[in-house]
Amino acid sequence: QVQVLESGGGSVQAGGSLTLSCAASGSIFSINSMSWYRQAPGKPAPGKQRELVALIGNNGRTLYADSVKGRFTISRDNAKNTMSLQMFSLKPEDTAVYYCNAHVDYTDSAGVAKKGMIYWGKGTLVTVSS
């Protein structure tokens, strides 16, 4: 089985910085894309589910939400199956639970290859105060 675990959340004042980390573990033989999503606290408004913040492919290509371009930087270490999100110039509207998402190829306990499986972490809370 595969586990995805985030770390690094916390509270910071507006203008501050935080770095989130994500680690995938298990009988993984390949991770395709990895990404960060976020969801603001409280009940989401219709159409306002988890928002894609940033994505990185296994070739290193990246994609960012317009709201974080120039402020956030996503990176990954393919050898360690880890990913990071450096967040600078944080704003109160960045307050959210941040989730790690990984598209994984792995071998299950029976030795069967499972490809393109999607795993989510449980999330880490980032709070930005004004």
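## Surface and overall form

Accessible areas here come from the Shrake-Rupley method with a 1.4 Å probe. On that basis the protein, which is a predicted model, exposes about 7,100 Å², and carbon and sulfur atoms supply 50% of this area. Buried residues make up 38% of the 130 residues in the protein.

The C-alpha atoms fill a box of roughly 50 × 30 × 25 Å, taken along the principal axes. The protein contains 11 strands and 0 helices, so that from the N terminus on its elements run β-β-β-β-β-β-β-β-β-β-β. The radius of gyration is 15 Å, close to the 14 Å that the globule rule gives for 130 residues, and the protein is therefore as compact as a globular protein of that length. Among contacts between residues at least 6 apart in sequence, 57% join residues at least 24 apart.

## Aromatic pairs

A pair of aromatic rings is described by the distance of the centres and the angle of the planes. With ring centres required to lie within 6.5 Å, the count comes to 2 aromatic pairs in this model. The rings of Y37 and W120 have their centres 4.9 Å apart and their planes at 65°, and because an angle over 60 degrees counts as edge-to-face, the pair is assigned to that class. Y37 belongs to strand 4 (residues 28–39) and W120 to strand 10 (residues 113–120), so the pair ties together parts that are 83 residues apart in sequence.

## A charge over two rings

The charged end of R50 sits over the ring of Y99, 3.6 Å from its centre. The charged end of R50 also sits over the ring of W120, at 4.7 Å from the centre of that ring.

Notes: Residues are numbered from 1 along each chain as its sequence is written. This is a predicted model: local features need pLDDT of at least 70, side-chain atom pairs count only at pLDDT 80 or more; totals for chains, interfaces and linings use all residues. Side-chain values use heavy atoms; hydrogens and water are left out. Rings of Phe, Tyr and Trp (its six-membered ring) pair if their centres lie within 6.5 Å; planes under 30 degrees apart count as stacked, over 60 as edge-to-face and the rest as tilted. Helices (H or I, at least four residues) and strands (E, at least two) are DSSP runs, numbered from the N terminus. A charge sits over a ring if NZ of Lys or CZ of Arg is within 6 Å of the ring centre and within 35 degrees of the ring normal. The radius of gyration is taken over C-alpha atoms; the globule rule is 2.2 Å times the number of residues to the power 0.38. Buried means under 20% relative accessible area, exposed over 50%, partly exposed in between (1.4 Å probe, protein chains only). Contact means heavy atoms within 4.5 Å.
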